[in-house]
Amino acid sequence: ALRVFNDQGEGYFNWVENALDWVHDNRDAFANPITAVNLSLGTTWNSDSIPAWAMLEDEFSQLHADGIFVSVAAGNDFQDYGDAGLSYPAVSPHVVPVSSVTNSGAFSSFSQRHDRVIAAPGQSITSTVPDYLFDFNGVSDDFGTASGTSMAAPYVAGASVLVRQAMDFAGITNVTQDTIYDHLRDTANLFYDSATN
């Protein structure tokens, strides 16, 4: 795992850029190659095109060419925008945008959405959290419950690793992000979003 942001969850895109460059440079440096990246982060943006200030496209294009699956949180501002669209960097054409669904499988009210997304559980997810969020006892033993597309994106990143492993086991070669994305889309439950048609 590469830690990019500080203890307050704040950071800069050049920090993310450095981490993505590291992934590319070290993708084959381990016994098991790096095959997936999760980015539970985003900006205030809602579109189906990248903003003029986007600065991660070269890195995303390189990871896409490397065959590395990049899962990115779709954004949590649907209630503000009311229209289909994605945050940046989820809107990048080189990544897989991930929306949040409830336990019943409907879009979470906050989740940005688009017809490119894959959706995963992202509402009321209990997971480990940093010590500084709770009891400050110096022991990493804290859990918390949160909602957001940042909770959904890791599910899809993890699923991509399992799908790649199954494809490798079945003898499928040259597995790419697109191969995995197409398989996930082809086998997913489809649903209609009345808010965006």
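Predicted model: local features only at pLDDT ≥ 70, side-chain atom pairs only at ≥ 80, totals over all residues.
**Exercise 1. Work out the strand order of the open sheet, and find which strands stand at its edges.**

Step 1. Take the order. The open sheet is formed by 4 strands, arranged 1-2-3-4. Their pairing is parallel.

Step 2. Look for strands with a single partner.

Step 3. On average, neighbouring strands are turned by 35 degrees against each other, direction ignored.

Step 4. Inspect one pair. Strand 2 and strand 3 are joined in the parallel sense over 3 bridges. Proline 97 in strand 3 stands opposite valine 72.

**Exercise 2. Identify which elements build the largest nonpolar core.**

Step 1. Start with the core itself. The largest nonpolar core holds 22 residues. Val37, Leu39, Phe60 and Val70 have the most contacts inside it.

Step 2. Assign elements. Two or more residues come from each of helix 1 (13–26), strand 1 (36–39), helix 2 (57–66) and strand 2 (69–73). Helix 1 gives the largest share, 4 residues.

Step 3. Check for another core. A second, separate one has 15 residues, including Ala73, Val156, Val175 and Ile180.

**Exercise 3. Decide whether leucine 39 is buried or exposed, and list what it touches.**

Step 1. Locate the residue. Leucine 39 sits in strand 1.

Step 2. Apply the cut-off. Buried means under 20% relative accessible area. Leucine 39 has 7%, so it is buried.

Step 3. List the contacts. Beyond four places in sequence, leucine 39 meets Val16, Phe60, Val70, Ser71, Val72 and Ala73.

Step 4. Follow one contact onward. Phenylalanine 60 touches Leu39 in turn, and also Leu20, Val70, Tyr88, Pro89, Ser92, His94 and Val95, again leaving out residues up to four places away in sequence.

**Exercise 4. Find where arginine 113 lies and which polar partners its side chain has.**

Step 1. Arginine 113 belongs to the loop between strand 3 (96–101) and strand 4 (118–121).

Step 2. Find the polar partners. The arginine 113 side chain reaches the backbone oxygen of serine 108 at 2.9 Å. With the side chain of aspartate 193, arginine 113 makes a polar contact of 3.1 Å.

Step 3. Widen the view. Apart from neighbours within four places in sequence, the contacts of arginine 113 include Phe78, Leu86, Ser99, Phe107 and Thr196.

Definitions and conventions. Residues numbered from 1 in each chain as written. Heavy atoms only, no water. Core = buried A, V, L, I, M, F, W, Y, C linked by side-chain atoms within 4.5 Å. Buried < 20%, exposed > 50% of the residue type's maximum accessible area, 1.4 Å probe, protein only. Contact = heavy atoms within 4.5 Å. Polar contact = N/O pair within 3.5 Å; in protein donor to acceptor, adjacent residues only side chain to side chain. Pairing = 2+ DSSP bridges. Axes fitted to C-alpha atoms, helices over the stretch in contact; angles between N-to-C directions.
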